[in-house]
Amino acid sequence: MRAVVVRRGEREPTVVEQPRPEPAPDEALVRMLRVGVDGTDREVVRGAHGGFPSGADEMVLGHEAVGVVADANGTDLTEGAVVVPTVRTPAAGGDRSWFERDEADMAPWGSGDFHERGIAGADGYMAEYVACPAPSLVRLPPEQAGDGFLVEPLSIAVKALEHAEAARSAFDWQPESAMVLGNGSLGLLALGLLDADSRFDRLYCLGRRDRPDPTLDVVDGLGATYVDSRETPVETVADVHEPMDLVFEATGYARHAVETVHALAAGGVGALLGVPEDWQFEVEGGHLHRELVLNNKALVGSVNSNRRHLAAASSRLASLPGWLVDRVVTGVYPPDQLDAAFTDDDTTIKTAVELNEYEER
Ligand code: NAP
Ligand code: BGC
Ligand code: ZN
């Protein structure tokens with residue numbers, strides 16, 4: 001079968017032939033349909049995030065998957081069911097209780113308790129067939145066999161918003177304004193979720209592009225205000241527009257984590273999702289500390305998602321407007337068109353690699 005890998009020392013993905021995996025007990029064999037590509041995959045390919053499985057010189061890419069159970073292998077899964085797998089999988093010798101509680105998304109990075117498939121320490125999902133632990137698979141409605149690769153990235157936003165909200169649950173938080181930092185696929189999907197949330201009257205999205213641009217068409221289509229960071233840096237947004245009740249950072253630009261504090265309204269919360277590389281810069285620490293304290297502001301970091309978030313994201317995907325999904329997904333490519341699938345130009349928002357076609361039962 002074909003699989004898309006990155007090899008040690010290389011900076012681009014390659015298609016290789018691999019044997020079809022044999023599922024172990026408690027694993028099912030999944031026939032992969034489509035696997036999405038995001039900023040993290042590009043970081044993994046260029047060696048900036050994650051790492052190879054122990055002792056391996058290549059890793060199968062891909063963590064945003066939708067597939068069909070091909071062989072339930074004695075598990076309680078149903079053959080033919082459309083499924084999305086969690087990204088985290090137990091590591092040999094690690095603490096499995098994170099998985100037993102469905103809280104593997106909260107396990108410490110580097111703990112040795114988990115691998116992230118296609119990202120850190122374990123082969124991913126960009127292969128024709130993949131063996132998956134049965135508990136890692138969340139069932140999707142068959143209508144999501146095509147777009148179901150959006151469930152994992154949506155689940156990232158679902159979790160982050162849940163944690164941001166939880167950080168404001170000790171008082172009567174009534175948010176009206178929200179700003180998403182970043183017009184990549186994660187930022188635009190988060191903007192779609194916020195648009196569907198009736199509490200938010202005013203939405204903003206920050207980028208650094210000139211019009212015409214397909215991501216800005218999505219921002220406009222959602223009725224959000226585009227904020228160009230070259231003209232209006234994040235720390236000036238509160239003055240130029242308004243203080244934000246919620247900021248959702250999806251740029252990976254480390255200064256934004258700090259500047260978010262100054263964009264927030266009193267009692268506001270910033271959810272940080274970017275995964276930047278090391279970068280030292282000066283911060284006015286006194287101002288930052290004072291702002292957080294005197295205005296009851298909160299910053300919440302959020303990574304990954306669990307089964308519950310994947311299930312919620314499937315429901316949220318079903319209620320997103322069709323035009324949004326059509327605009328965000330700019331291309332679905334076969335494995336022999338990896339250049340197109342992994343490209344990162346200004347006409348590309350979200351792509352996927354199609355490993356198999358869905359055959360309805
Ligand atoms: P992406 O496609 O690379 O999107 C990043 C976007 O941010 C791009 O549109 C980029 O604009 C914009 N941007 C970067 N710096 C900016 C600046 N200074 N001012 C304005 N806009 C700026 O990546 P993605 O897949 O959407 O993911 C976004 C970030 O979240 C990445 O850091 C990724 O690693 C992280 N992530 C985290 C999780 C998690 O679980 N926490 C999950 C998924 C992704 P241009 O395209 O114009 O350069
Ligand atoms: C994935 C998450 C993962 C994170 C950190 C993201 O792109 O969607 O599942 O936890 O990267 O590696
Ligand atoms: Zn991702």
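**Entry 1: ligand 1.** I began with the ligands, keeping in mind that this is a predicted model. By class, I found eight nonpolar, 14 polar and four charged residues in the shell around ligand 1. That shell holds 26 residues, and the closest are Gly39, Gly182, Gly184, Leu186 and Gly252. I then looked up which elements give two or more residues to it, and they are α1 (39–45), α4 (185–195) and β13 (202–207). Both domain 1 and domain 2 take part, each with at least three residues in the shell around ligand 1.

**Entry 2: ligand 2.** Next I listed what surrounds ligand 2: Asp38, Thr40, His63, Val87, Glu116, Ile119, Glu152, Ile156, Val275, Val303 and Asn304. Sorted by class, this shell has five nonpolar, three polar and three charged residues.

**Entry 3: the two domains.** I noted the division into domain 1 (2–140 + 321–354) and domain 2 (157–301). Their C-alpha centres are 28 Å apart. For the contact between them, I have 14 residues of domain 1 against 17 residues of domain 2. On the domain 1 side, α10 supplies the largest share, four residues. That side divides into five nonpolar, four polar and five charged residues.

**Entry 4: helix α5.** Which residues of α5 are buried? In this helix (residues 214–221), I found Thr215, Val218 and Val219. Seen down the axis, these buried residues fall within an arc of 100°, so they line one face of α5. I had the general rule in mind here: an α-helix has 3.6 residues a turn, so residues three or four places apart point the same way. What covers the buried residues of α5 includes α4, β13, β14 (225–228) and α10 (322–328). After α5 comes Gly223, with a positive phi near 75°.

Entry 5: Most residues other than glycine have a negative phi, and most peptide bonds are trans, and I went looking for exceptions. The peptide bond from Arg211 to Pro212 is cis, with omega near -5°. I placed Pro212 in the loop between β13 and α5.

Asn73 has a positive phi, near 55°, and is found in the loop between β5 (64–71) and β6 (82–85). I counted Asn73 as partly exposed because it has 18 C-beta neighbours inside 10 Å.

Asp102 also went into my notes, with a positive phi of about 55°. Its place is the loop between α2 (97–100) and β8 (114–117). With 14 other C-beta atoms within 10 Å, Asp102 is partly exposed.

Terms used
Residues numbered from 1 in each chain as written. Chains lettered and ligands numbered in written order. Predicted model: local features only at pLDDT ≥ 70, side-chain atom pairs only at ≥ 80, totals over all residues. Near = placed C-beta within 6 Å. Nonpolar A, V, L, I, M, F, W, Y, C, P; charged D, E, K, R; others polar. Domains from an automatic or database assignment. Buried ≥ 20, exposed ≤ 12 C-beta atoms within 10 Å, placed from the backbone. Arc of directions from axis to C-beta. Contact = placed C-beta atoms within 7 Å.
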